[in-house]
Amino acid sequence: MFQPASLKGVSPTPIDERIRKKFLILYIVIIILSLIPTSLFEFWYITLFWSETYFWIFFIVLPFNVFFSIYLIQLSAIMISVLFLKIINLIHVPREGKFKRSIEDRDYYFWTVRNIVKKWPLYVTASNPFPWLKNRFTLRFFGVKIGKKNICDNSWISSEFVSIGKNVIIGMNSTILSFAIEQDNFILKKIMVGDNVLIGAKCVLLPGTIIKQNAKLSAHSYTNHNHVLEENSIYSGHPAKLKENH
Amino acid sequence: MEEEVGPKFESELISTSGVYKTPFSLIILIQLFIGGLILFIVNLWFINSLYYLLTGIEFYSFGLKAEWYYWLLLPLNIYANIFLFVFTIILFSGGIFRVLNKLSPPQEGIFERGSKEWKYMHRRFWTAFFPIWLARALPLPWLDIIAYRSFGTRVGRSVVLYEGYVDPLFVEIGDFTMTSLNICIFSHLIYQDKVFIKKVKIGKACVVGPHTIITPGTIMEDFAVLGVNSYTAINQRLKGNLIHVGTPVSITLPIQSIEESQQKAVKTKESTISENTIQKKIDSHLQEE
């Protein structure tokens with residue numbers, strides 16, 4: 001079981017301590033690069049609006065400037081991390097499977113590198129008042145398929161190997177994990193959630209679960225590895241069992 | 001008096017806080033704008049003095065002219081501004097909340113998707129969202145309780161509310177209760193195309209454990225304890241002075257006093273010691289043989 005203590009935090013992106021040391025410079029470079037557009041914007045703003053005769057325009061437009069620059073930081077952070085992600089994916093293509101949790105295993109190594117790259121934009125977008133920015137905006141840039149008219153703002157969704165259909169409701173504090181760590185093994189598998197699915201509060205989906213159309217998962221329940229929930233049915237329990245079939 | 005509830009709600013427990021088709025970004029933007037406007041008006045004197053320091057000309061003629069002490073007051077000003085911003089937003093959104101309550105008075109019962117109550121429930125949710133988010137972003141733990149009180153929820157004295165989700169309407173929390181991390185207190189429940197709203201009552205000095213869900217209609221009596229990782233069924237009544245555990249709650253355990261638990265601990269120690277002595281005797285017998 002793996003549930004967030006606070007919804008304000010970042011989506012689950014655990015990073016291996018042994019690999020973090022090597023890529024600390026990359027992390028700092030991403031932060032600095034994402035701050036450059038805002039600093040350019042501020043320079044442009046001061047040169048354009050500051051004059052002795054029309055000084056009052058400078059102060060009146062200042063709140064809008066602050067508001068705009070905050071969102072410029074978030075957008076540029078996403079763009080730069082996506083650029084770095086594409087370069088890393090050229091070196092090693094991400095794939096599903098069962099791997100060893102050691103530095104020599106290339107899949108595990110590059111998975112943590114990808115998490116390091118995604119950490120800054122996810123942190124920035126998680127800490128702002130608009131709830132849709134983290135899950136419904138940033139995750140789409142990282143390759144997560146999320147359909148229209150969804151409600152998944154108050155949940156943790158991992159940033160890879162997840163596809164969610166249309167009209168899906170995902171409840172409070174529920175987590176969707178496409179990775180799992182079992183002692184020395186490390187598992188990556190895709191999660192598929194169909195259209196019109198309803199997932200209750202505090203559910204946990206483990207890697208490999210497939211939820212088909214119109215299925216409903218009751219609150220406070222979790223699914224197993226490679227669990228398949230059938231169409232038009234209701235599931236609940238630890239792990240989820242069939243309760244009703246329409 | 002217990003109201004009759006449809007059979008679907010008794011058997012199933014699918015609860016979410018799903019909210020959409022509301023202009024919530026607009027509501028948040030209006031709240032931000034009002035907060036910023038009041039901030040700007042209050043800080044006009046400070047901006048004026050900064051302008052005077054930089055250029056030697058006044059921003060407006062009737063203000064105070066600041067000197068070197070401007071820079072001493074600046075950090076204090078920033079801190080005060082943060083609190084001013086949060087309090088104005090809490091008060092303003094509390095006002096919006098009251099206006100929404102007057103437009104359609106909140107009711108308990110079962111409503112269909114797209115009905116008036118459904119829409120107003122979502123609007124109320126989103127007016128409450130941003131001030132609570134802001135209050136929890138600040139390091140003062142009592143700010144979110146003030147935010148809840150501004151929406152009209154009854155929260156008692158010295159209540160602990162961490163970052164759990166609590167519905168702003170139809171929730172009553174008594175004095176001295178403690179709620180731990182990652183809890184959901186729902187007074188509404190979405191099932192298929194219907195929403196079910198009923199009042200939740202939490203008594204005095206209750207403890208709500210971590211990772212729990214409290215569903216609509218539950219009543220916790222005084223001094224009741226809800227255990228870890230459990231949820232309550234709809235319209236359940238948790239008796240006082242007992243620990244309740246289960247998914248949904250089915251097991252009740254007595255709360256032991258400290259003396260009782262100490263006595264038990266001593267007894268278990270004695271029993272383990274006596275077992276050891278018996279085994280030693282057996283071993284010595286075996287050696288003799």
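Predicted model: local features only at pLDDT ≥ 70, side-chain atom pairs only at ≥ 80, totals over all residues.

Reader: Where in chain B is Phe223(B) located?

Author: Phe223(B) sits in the loop that runs between strand S13 (219-220) and strand S14 (225-226) of chain B.

Reader: And what is its backbone phi?

Author: Phe223(B) has a positive phi, about 65 degrees, although it is not a glycine.

Reader: What can you say about the phi of Asn173(A)?

Author: Asn173(A) is not a glycine either, and its phi is positive at about 60 degrees. It belongs to the loop between strand S5 (169-170) and strand S6 (175-176) of chain A.

Reader: Is Asn173(A) buried or exposed?

Author: Asn173(A) counts as buried because its relative accessibility is 5%, and the cut-off for buried is under 20%.

Reader: What about the bond from Thr247(B) to Pro248(B)?

Author: That bond is cis, and its omega is near -10 degrees.

Reader: Now electrostatics. How many salt bridges are there over all chains?

Author: A search of the whole structure gives 11 salt bridges. As background, side chains of opposite charge can pair when their charged atoms come close.

Reader: Which residue pairs with Asp107(A), and at what separation?

Author: Asp107(A) forms a salt bridge with Arg95(A), and their closest N and O atoms are 2.9 Å apart. The two are 12 residues apart: Asp107(A) is in helix H4 (residues 106-126) of chain A, while Arg95(A) is in the loop between H3 and strand S1 (97-100). Asp107(A) is buried, at 8% relative accessibility, whereas Arg95(A) is partly exposed, at 46%.

Reader: And which partner does Glu160(A) have?

Author: Glu160(A) forms a salt bridge with Arg114(A), with 2.5 Å between the closest N and O atoms. Glu160(A) lies in the loop between strand S3 (156-157) and strand S4 (162-164), and Arg114(A) in helix H4 of chain A, so the pair ties together parts 46 residues apart in sequence.

Reader: Are those two buried or exposed?

Author: Glu160(A) is buried, with a relative accessible area of 11%. Arg114(A) is buried as well, at 2% relative accessibility.

Reader: What about Arg237(B) in chain B?

Author: Arg237(B) forms a salt bridge with Glu221(B), the closest N and O atoms being 3.0 Å apart. Arg237(B) is in strand S15 (residues 237-238) and Glu221(B) in the loop between S13 and S14 of chain B, so this pair ties together parts 16 residues apart in sequence. Arg237(B) is exposed at 53% relative accessibility, and Glu221(B) is partly exposed at 27%.

Reader: Which residues are joined into one network by shared partners?

Author: Arg114(A), Lys118(A) and Glu160(A) are joined by salt bridges that share partners.

Reader: Let us turn to pockets. How much space lies in the largest one?

Author: The largest pocket holds about 1600 Å³. Its lining comprises 42 residues, and those nearest its centre are Pro63(A), Val66(A), Gly36(B), Leu39(B) and Phe85(B).

Reader: Finally, which residues form the nonpolar patch on the surface?

Author: The patch includes Leu24(A), Ile28(A), Ile32(A) and Leu40(A), and its residues together have about 710 Å² of accessible area. Ile28(A) lies in helix H2 (residues 24-49) of chain A and is partly exposed, at 43% relative accessible area.

Notes:
Residues numbered from 1 in each chain as written. Chains lettered and ligands numbered in written order. Heavy atoms only, no water. 1 Å grid on protein atoms, 1.4 Å probe; cavity = no way out; pocket = protein on both sides within 12 Å on 5 of 7 lines; lining within 4 Å. Points joined across faces, edges and corners; volume = space filled by probe spheres on them. Patch = residues over 30% accessible without salt bridge, like charges linked within 9 Å, V, L, I, M, F, W, Y side chains within 5 Å. Areas by Shrake-Rupley, 256 points an atom, 1.4 Å probe, with all protein chains shown as cover. Salt bridge = Lys/Arg side-chain N within 4 Å of Asp/Glu carboxyl O. Helix = DSSP H or I, 4+ residues; strand = E, 2+ residues; numbered from the N terminus. Buried < 20%, exposed > 50% of the residue type's maximum accessible area, 1.4 Å probe, protein only.
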